[in-house]
Amino acid sequence: MRLEGKRALVTGGRQGIGRAIVEAFLREGAEVVTCGRGGDPGDLPEGCGWVTADVSDPAQAAELVEACGALDVLVNNAGVQVEKTVVDSTDPDWELVIGANCRGVFNTCRAAIPVMRDGGAIVNIGSISGQQADPSMALYNASKAFVHGLTRSIAVDHGPKIRCNAICPGWINTGMLEAGFELAGDPAAARRDAIARHPVRRFGEPKDIAAMAVWLASDEAEFASGQLFTIDGGMTAASPLNPGMF
Amino acid sequence: MGRLAGKVALVTGGRGGIGRAICARFETEGAVVYAADLSEAGSLAAPDGASRFVRVDVSDEDSVTATMAMVAEEQGRLDVLVNAAGIEIEKTIEETSLGEWNRSFAVNVTGTFLTSKHALPLMRKAAEDGVSASIINFGSYDGFIADPGLAAYCATKGAVHALTRAMACDHGPEGIRVNAICPGYIDTPMLQSFFTGDGSGGGGKSIGELQQAVRDVHPLRTYGTPEDIANLVTWLASDEARYASGQLWVLDGGLSAQVQQMRI
């Protein structure tokens, strides 16, 4: 029960990584509110709160934070991806990706920081793609670099009251991962190639990311701030000539 | 509690400032713990606790292989190896003798190589059981940015960071994860010695003033404790970290997140 007595807002908790974080936080004794652009999905664990909100809208983000009351933990997980290069990206693509991934994170942090309890923790979901470019994911990659930079600023400006860190997931088994493989000429070969590039020889599961989020949200992480915590099965430690490729 | 239940762990530097906090925490979490160090007393008063002390010089291959043979006989496996043994010499390269340079590498880098190399067979035994075996090396925030007068130390920590990645890539498929923890300023005898030695940049300040100046430059307005490091090492040793490998884990109170400047 590492989060007993803590109240947490986890954005984008309907599915995938966000859902795993919601469930892990509840198991660890936290009070949890989550949100998304749609209605209450109806299958959230008992006791978990839901707010319908689009965090890219400053007013909705502010109302969402106010509805939560005094927070101990904010997890900015809500995010989208669009699989396009710069040249193919449209203005609506910009609004969507930058809106959700950048403005949304900024909006919730701006609203929450003044009212979070002392010793509060912000956990932003960045990505390995914020440091190395996934092909044809221009806006997404850039948006995650934004999240990493904002994470450091929040840590520097709002410590010691607030700690702020980012998790950089690698390739995690979610809808986003499947969509990425569908881009390839031979999706099955692309998957085999991808597995071979992971020293741990598997993709991640949402619960792998949730485990990191629990630690970062807990008092065990009191000295952790301003850093990126990469959970990727060793992939980014490896060169492209990883054994198993040739 | 019990997050390391059923695991066998060896902690080099296990009687040092940080090492003993790791051993104590590992015991609380249910691990069988070997505290490996040059001397039982280490750098502080003798600790309480159930860690088995084993004398080892990590720079001496015979000493390392004898230690691993003993663990093999007593436990038949090793789940967690923490390479916390390290020394720090406060000198520029000009002031550092070749002997001192070599000694720094012998303990900090070669020690990590020797213990890891000779632990692999025992860790493979653990991995055969489906366990996610875990090696945690000690890098440092000094592997990223240079504190004054710590030339050999900074170099050894950069080496540990690169070795960590190589080990993670080579041994990941065997079920062995490898990470490096990179502490910032942690309240240990090593840090207090840095305050009192020539490398402190003293300028006539008292120790108390130096300590406060160091706290003030941290976004979290404190330096860390050995328990803070033990908290992250415990997480990395646990099954929750099964997907975490090949990374450098900086724990520094926000120190390296900022462009350095005085608040005037």
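Modeller: What follows takes those topics in turn.

Modeller: This is a predicted model, where local features need pLDDT of at least 70, side-chain atom pairs count only at pLDDT 80 or more, and totals for chains, interfaces and linings use all residues. Residues are numbered from 1 along each chain as its sequence is written, while chains are lettered from A and ligands numbered from 1 in the order in which they are written.

Biologist: Which residues have the most contacts inside the largest nonpolar core?

Modeller: Ala213(A), Ala9(B) and Val11(B). That core has 143 residues. Helix H7 of chain A, residues 206–217, gives the most to it, with nine residues. Apart from it lies another core, of five residues, including Ala151(B) and Tyr153(B).

Biologist: What counts as a core, and as buried?

Modeller: A nonpolar core is a set of buried Ala, Val, Leu, Ile, Met, Phe, Trp, Tyr and Cys residues joined through C-beta atoms within 7 Å. A residue is buried if 20 or more other C-beta atoms lie within 10 Å of its own, exposed if 12 or fewer, and partly exposed in between; the C-beta atoms are placed from the backbone. Helices (H or I, at least four residues) and strands (E, at least two) are DSSP runs, numbered from the N terminus.

Biologist: Back to Val11(B). What is Val11(B) in contact with, beyond its neighbours within four places in sequence?

Modeller: Its partners include Ile22(B), Val33(B), Tyr34(B), Val82(B) and Ala84(B). Contact means C-beta atoms, placed from the backbone, within 7 Å. Val11(B) also stands opposite Ala35(B) in S2(B).

Biologist: How do S1 and S2 of chain B run?

Modeller: Parallel, with five bridges joining S1 (residues 8–12) to S2 (residues 32–37). Two strands pair if DSSP finds at least two bridges between them. Both belong to an open sheet of seven strands with parallel pairing, in the order S3-S2-S1-S4-S5-S6-S7 of chain B. S3 (52–55) and S7 of chain B are at the edges with a single partner strand each, so one side of each has no neighbour in the sheet. Neighbouring strands are turned by 20° against each other on average, direction ignored.

Biologist: Which helix lies across S1, S2 and S3 of chain B?

Modeller: Helix H2 of chain B, residues 61–75. H2(B) runs at about 165° to S2(B). Axes here are lines fitted to C-alpha atoms, for helices over the stretch in contact, and angles run from 0 to 180 degrees between N-to-C directions.

Biologist: Now the chain contact. How many residues does each chain give?

Modeller: Chain B gives 27 residues and chain A gives 28 residues. On the side of chain B, helix H4 (151–171), helix H7 (226–237) and strand S7 (248–251) each give two or more residues. By class, that side has twelve nonpolar, nine polar and six charged residues. Ala, Val, Leu, Ile, Met, Phe, Trp, Tyr, Cys and Pro count as nonpolar, Asp, Glu, Lys and Arg as charged, and the others, Gly among them, as polar.

Biologist: Switching to chain A. Which residues of H2(A) are buried?

Modeller: Ala61(A), Leu64(A), Val65(A) and Cys68(A), in a helix spanning residues 58–68. Down the axis of H2(A), the buried residues fall within an arc of 95°, so they line one face. The arc is that of the directions from the helix axis to the C-beta atoms. Ala59(A) and Glu66(A), on the other side, are exposed. What covers the buried residues includes S1 (7–11) and helix H3 (91–112) of chain A.

Biologist: And S1(A), how many of its residues are buried?

Modeller: Five of the five, so S1(A) is largely enclosed by the rest of the structure. Arg7(A), Leu9(A) and Thr11(A) are on one side, with Ala8(A) and Val10(A) on the other. S1(A) pairs with S2(A) in the parallel sense over five bridges. Val10(A) has Thr34(A) as its bridge partner.

Biologist: Where is the cis peptide bond?

Modeller: From Gly159(A) to Pro160(A), with omega near 0°. Pro160(A) lies in the loop between helix H4 (138–158) and strand S6 (162–169) of chain A.

Biologist: Which residues other than glycine have a positive phi?

Modeller: Ser136(A) is one of them, at about 55°. Arg201(A) is another, near 60°. Ser136(A) is partly exposed, with 16 other C-beta atoms within 10 Å. Arg201(A) is partly exposed too, with 15.

Technical notes. Two residues are in contact if their C-beta atoms, placed from the backbone, lie within 7 Å.
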